[in-house]
Amino acid sequence: MIVEGLSHVLEFFFIEYYHNIVNGFSQAFGLGIHAGPLVRRGDHWIHILRIFPFVAGFWSMHILWRRTEFIGKDRRLSVFLVSSTLPVVYLLLTLFSLIAILFFPAQHLHRH
């Protein structure tokens, strides 16, 4: 969960929190600095952060495989297959949402 959370934390830091922190310190200490967001919503390079859920999913499956060494060789594969259903479902949901984001981008309709 920590590794997967990095994608959200870093995205919101670049988009929302960085300039709020810098501008807050500037206002508090009278520095006269005005900072804007490091990234705007919709910038394509921010999508690289979407790799963290995949890293987390495969890392958890690797740890799970290593932990099944203690069970014994005869039941290791069956225990791994049963206990890895949640990480596999998580990886598939992440892949599905990434495909949906890439092929069906959100349309911003502003009505005034």
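**Close-up views of a predicted model**

Searching the whole structure, which is a predicted model, turns up 2 salt bridges.

**View A. The salt bridge between E69 and R66.** The side chains of E69 and R66 come together in a salt bridge, with an N to O distance of 3.6 Å. E69 counts as partly exposed, because its relative accessibility is 41%, and R66 is likewise described as partly exposed on account of a relative accessible area of 45%.

**View B. The salt bridge between R76 and E69.** Here the side chain of R76 meets that of E69 in a salt bridge, at 3.7 Å from N to O. R76 has a relative accessibility of 16% and therefore counts as buried, since the buried class takes in residues under 20% relative accessible area.

**View C. The network that links R66, E69 and R76.** Salt bridges join R66, E69 and R76 in a network.

**View D. A nonpolar patch on the surface.** The residues F12, F13, Y17, I21, F25, F29, L31, I33 and L38 form a nonpolar patch on the surface, and their accessible area together is about 910 Å².

**View E. F13, one of the residues of the patch.** F13, which belongs to the nonpolar surface patch, lies in helix α1, a helix that covers residues 2-29.

Note on methods. Residues numbered from 1 in each chain as written. Predicted model: local features only at pLDDT ≥ 70, side-chain atom pairs only at ≥ 80, totals over all residues. Heavy atoms only, no water. Patch = residues over 30% accessible without salt bridge, like charges linked within 9 Å, V, L, I, M, F, W, Y side chains within 5 Å. Areas by Shrake-Rupley, 256 points an atom, 1.4 Å probe, with all protein chains shown as cover. Salt bridge = Lys/Arg side-chain N within 4 Å of Asp/Glu carboxyl O. Helix = DSSP H or I, 4+ residues; strand = E, 2+ residues; numbered from the N terminus. Buried < 20%, exposed > 50% of the residue type's maximum accessible area, 1.4 Å probe, protein only.
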